Amino acid sequence: MAGSQPVSKPRMLKGLLLVLALCLAIYIVGPPLYWHITEGVAGVTRTSVCPPCVCDCAAQPLLTLPEGLTNSSFTDCGKHESEGNEEVDSNFTDLLAEELKLREADTLEKQRKADMQLLEAKKLASQYQKEADKCDSGMETCEEARERAEAALQAQKRLSEMWEMRAWQRGWKEGKVSIFRRDLQAA
């Protein structure tokens, strides 16, 4: 080891990160790949090993029993099948009809609730519209009053300018207290 160069820290860190990235990739990709391959192999082996099943009861030969023993289930195999199928079909049909009725009732209930919510929303919208109309009316009234006040202020300013101009024309000076000021202060 005396002749070998020490491994630099950046190289060691890169190597550690490479191993970590490789482990993470195997962790993420490994299980789906494993199951995909397993299903593929199982599908190939199943098709080649197992022949298709023949389940036709009428085509199967009946077992012969020793004398004295009878088993009517073997002889009645084909007979009850159609009756059983009809019963199963009618039960299935009844179940489907019941499920449809339940779904229809559920749908009608949801529709009724939605209609009630829509009606409530319309009522609230109408109430808000009335409030908005009141607010608009109030704003218009306020705006008209503001315009009238502004016009009155302008008229008052013109009147004040006129009186001030008359006062200047009659010899009013800035420092003297005149009759006009005393009259204004008294009012």
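The legends below describe close-up views of a predicted model.

**View 1. A nonpolar surface patch that includes L24 of helix α1.** The patch is formed by L24, Y27, I28, V29, L33, I37 and V41. Together these residues have about 730 Å² of accessible area. L24 lies in helix α1, which covers residues 9-49.

View 2. The closest cysteine sulfur to that of C135 belongs to C142, at 9.1 Å. A disulfide requires the two sulfur atoms to lie within 2.5 Å, so the sulfurs of C135 and C142 are too far apart for a bond. C135 has a relative accessible area of 46% and is therefore partly exposed. The structure as a whole holds zero disulfides.

**View 3. Cysteine C23.** C23 has a relative accessibility of 47%. This value makes C23 partly exposed.

**View 4. The salt bridge between R103 and E99.** The closest N and O atoms of the two residues are 2.9 Å apart. R103 and E99 are both in helix α3 (residues 77-169), and because they are four residues apart, about one helical turn separates them. R103 is exposed, at 54% relative accessible area, whereas E99 is partly exposed, at 36%. Side chains of opposite charge can pair when their charged atoms come close.

**View 5. The salt bridge between K110 and D106.** The N to O distance between these side chains is 3.5 Å. K110 and D106 are also four residues apart in helix α3, so about one helical turn lies between them. K110 counts as exposed, with 55% relative accessible area; D106 is partly exposed, with 39% relative accessibility.

**View 6. The salt bridge between K134 and E131.** Here the side chains meet at 3.9 Å, N to O. The cut-off for a salt bridge is 4 Å. The spacing of K134 and E131 in helix α3 is three residues, which means a separation of about one helical turn. K134 is exposed, at 56% relative accessibility, and E131 is partly exposed, at 43%.

**View 7. A salt-bridge network of E143, R146 and E150.** Salt bridges link E143, R146 and E150 in a network. A search of the whole structure finds six salt bridges. Among them are the pairs R103 with E99, K110 with D106 and K134 with E131.

Note on methods
Residues numbered from 1 in each chain as written. Predicted model: local features only at pLDDT ≥ 70, side-chain atom pairs only at ≥ 80, totals over all residues. Heavy atoms only, no water. Patch = residues over 30% accessible without salt bridge, like charges linked within 9 Å, V, L, I, M, F, W, Y side chains within 5 Å. Areas by Shrake-Rupley, 256 points an atom, 1.4 Å probe, with all protein chains shown as cover. Helix = DSSP H or I, 4+ residues; strand = E, 2+ residues; numbered from the N terminus. Buried < 20%, exposed > 50% of the residue type's maximum accessible area, 1.4 Å probe, protein only.
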